[in-house]
Amino acid sequence: EVSDVTVTDTEVTLILPQKTAARVVERELAACGYRVSTVLDPIEAFAIVLETKPDLVITTAVMPRLSGIDLACAMAAMPSTKEIPVAVLTSLEPNHPDLRALPMNVGIIRRGENFGNDLADTLQRFDIT
């Protein structure tokens, strides 16, 4: 119910180059009361994340120029971003070799029928509910 939604100060940054996918995820998060900013370019995302220090970053696994997997690995390795929770939105199979490269603390959100449950699990895992 819309009346049950409480707007929070929780900031989620989406890094999704596909505008349609970004709108779907943004709409879901906004409906839950989260403030959402969307970045289409993964390189630009570094600067924005460093400036804004969001409560959660959600990126897609496959992107041009820099994959979301590389982005998640870089954020986990940098002292200035390693405490920011990251989740990867993907349609890759769970045993895909690229996903095995992710740090253990990165959440996985699968596209399709599992999206809602995976998103809810990720928000709860990172205590963003």
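1. What covers helix α3. The elements that cover the buried residues of α3 include β1 (11-15), α2 (42-52), β3 (56-60), β4 (86-90) and α4 (97-100). Helices (H or I, at least four residues) and strands (E, at least two) are DSSP runs, numbered from the N terminus, and contact means heavy atoms within 4.5 Å. The buried residues of α3, which spans residues 68-77, are Gly68, Ile69, Leu71, Ala72 and Met75. Seen down the axis of α3, these residues fall within an arc of 160 degrees, so they line one face of the helix; the arc is that of the directions from the helix axis to the C-beta atoms. Buried means under 20% relative accessible area, exposed means over 50%, and partly exposed lies in between (1.4 Å probe, protein chains only).

2. The basis of the values. This is a predicted model, in which local features need pLDDT of at least 70 and side-chain atom pairs count only at pLDDT 80 or more, while totals for chains, interfaces and linings use all residues. Residues are numbered from 1 along each chain as its sequence is written, and side-chain values use heavy atoms, with hydrogens and water left out.

3. The sheet as a whole. Five strands form an open sheet in the order β2-β1-β3-β4-β5, with parallel pairing; two strands are said to pair if DSSP finds at least two bridges between them. Strands β2 and β5 stand at the edges with a single partner strand each, so one side of each is left without a neighbour in the sheet. From one strand to the next, the twist averages 25 degrees, where axes are lines fitted to C-alpha atoms, for helices over the stretch in contact, and angles run from 0 to 180 degrees between N-to-C directions.

4. Strands β1 and β3, with helix α2. Strands β1 and β3 run parallel and are joined by four bridges, and the bridge partner of Val12 in β3 is Leu56. Helix α2 packs on the sheet, where it touches β1, β2 and β3, and its direction makes about 170 degrees with that of β1.

5. Strand β4 and its neighbours. Five of the five residues of β4 are buried, so this strand is largely enclosed by the rest of the structure. Both of its faces are covered, with Val86, Val88 and Thr90 buried on one side and Ala87 and Leu89 buried on the other. Strands β3 and β4 pair in the parallel sense over four bridges, and Val57 has Val86 in β4 as its bridge partner. Between these two strands the chain crosses from β3 through α3 to β4, and this β-α-β crossover is right-handed, a term used if, with the strands pointing away from the viewer, the path from the first strand over the helix to the second runs clockwise. Strand β4 also pairs in the parallel sense with β5 (residues 107-110), again over four bridges, and here Val88 stands opposite Ile108.

6. A buried loop residue. Leu16 lies in the loop between β1 and α1 (19-31), and with a relative accessible area of 0% this residue is buried. When residues up to four places away in sequence are not counted, Leu16 touches Ala21, Ala22, Val25, Val39, Leu40, Thr59, Thr60 and Leu89. The C-alpha atoms of Leu16 and Pro42 are separated by 7.9 Å, although the two residues are 26 residues apart along the chain.

7. Salt bridges. Side chains of opposite charge can pair when their charged atoms come close. The structure holds three salt bridges, each defined as a side-chain nitrogen of Lys or Arg within 4 Å of a carboxyl oxygen of Asp or Glu. In one of them, the side chains of Arg35 and Glu11 meet at 3.6 Å, N to O; Arg35 lies in strand β2 (residues 35-39) and Glu11 in strand β1, so the pair ties together parts that are 24 residues apart in sequence. Arg35 counts as partly exposed at 40% relative accessibility, whereas Glu11, at 16%, counts as buried.

8. The other two pairs. Asp41 and Arg65 meet through their side chains at 3.0 Å, N to O, and this pair links distant parts of the chain, since Asp41 is in the loop between β2 and α2 and Arg65 is in the loop between β3 and α3, 24 residues apart. Asp41 counts as buried at 16% relative accessibility, while Arg65 counts as exposed at 64%. The side chains of Arg110 and Asp118 meet in a salt bridge at 2.6 Å, N to O; Arg110 is partly exposed at 32% relative accessibility, and Asp118 is buried at 8%.
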